[in-house]
Amino acid sequence: MRVLVILASYNGEKYIYDQINSILSQVNVNVEIFVFDDVSTDSTIKVLEIFSDPRIKIFVNKAPSGSAANNFCNSLLTITDDTYKNYDFIALSDQDDIWCENKLKTAVDKLNANGFCLYASNLLLWEQNSGRESIIKKDFPQKEFD
């Protein structure tokens, strides 16, 4: 399965290296990453350029979009239909997460098994200072028109 990961970045130099590595380490799926940077003023782009991996494409917005949501929306509209046709699935990624290596495979399997068009998962929150982990619940029951 080919998965396009769209990553919205802005001043993410502290986290983005680990997130990119976790995406590139996904098992049993072929991934490409389109990073849409929202005119970072830190070293985010320099960190991204460390990767000399053809699966990563970097796009820098001409002007700041003002929010991660706007950056994602603009990126989805920027990518052409012909490009989308090269992928079986699309995933959205924040810059400051670290994905478990089977995140995308699990999502693809759920989508395929159930004929669904959209997948969202709970999050595992790791609090580095305290060493605690907890679940952030995202899988609320759906309501009509969800």
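Predicted model: local features only at pLDDT ≥ 70, side-chain atom pairs only at ≥ 80, totals over all residues.
View 1. Residues are numbered from 1 along each chain as its sequence is written, and side-chain values use heavy atoms, with hydrogens and water left out. Phenylalanine 59 is partly exposed, with a relative accessible area of 31%. The rings of phenylalanine 36 and phenylalanine 59 are stacked, because their centres lie 4.7 Å apart and their planes meet at 10 degrees. Rings of Phe, Tyr and Trp (its six-membered ring) pair if their centres lie within 6.5 Å, and planes under 30 degrees apart count as stacked, over 60 as edge-to-face and the rest as tilted. Since phenylalanine 36 lies in strand E2 and phenylalanine 59 in strand E3, the pair ties together parts that are 23 residues apart in sequence.

**View 2. The aromatic pairs.** By this rule, the count of aromatic pairs comes to four. One of them joins phenylalanine 34 and phenylalanine 59, whose ring centres are 5.4 Å apart with planes at 55 degrees, so this pair is tilted. Ring pairs link Phe34, Phe36, Phe59 and Tyr87 into a cluster.

View 3. Strand E1 (residues 2–9) is largely enclosed by the rest of the structure, because seven of its eight residues are buried. Helices (H or I, at least four residues) and strands (E, at least two) are DSSP runs, numbered from the N terminus, and two strands pair if DSSP finds at least two bridges between them. E1 and E2 run parallel and are joined by eight bridges, with serine 9 standing opposite aspartate 37 in E2. Five bridges join E1 to strand E4 (residues 89–93), and these two also run parallel; here valine 5 has alanine 91 in E4 as its bridge partner.

**View 4. Alanine 107 in helix H5.** Alanine 107 belongs to helix H5 (residues 103–114), and with 10% relative accessibility this alanine counts as buried. Alanine 107 and phenylalanine 89 are separated by 18 residues in sequence and by 9.6 Å in space, taken from C-alpha to C-alpha.

Key: Buried < 20%, exposed > 50% of the residue type's maximum accessible area, 1.4 Å probe, protein only.
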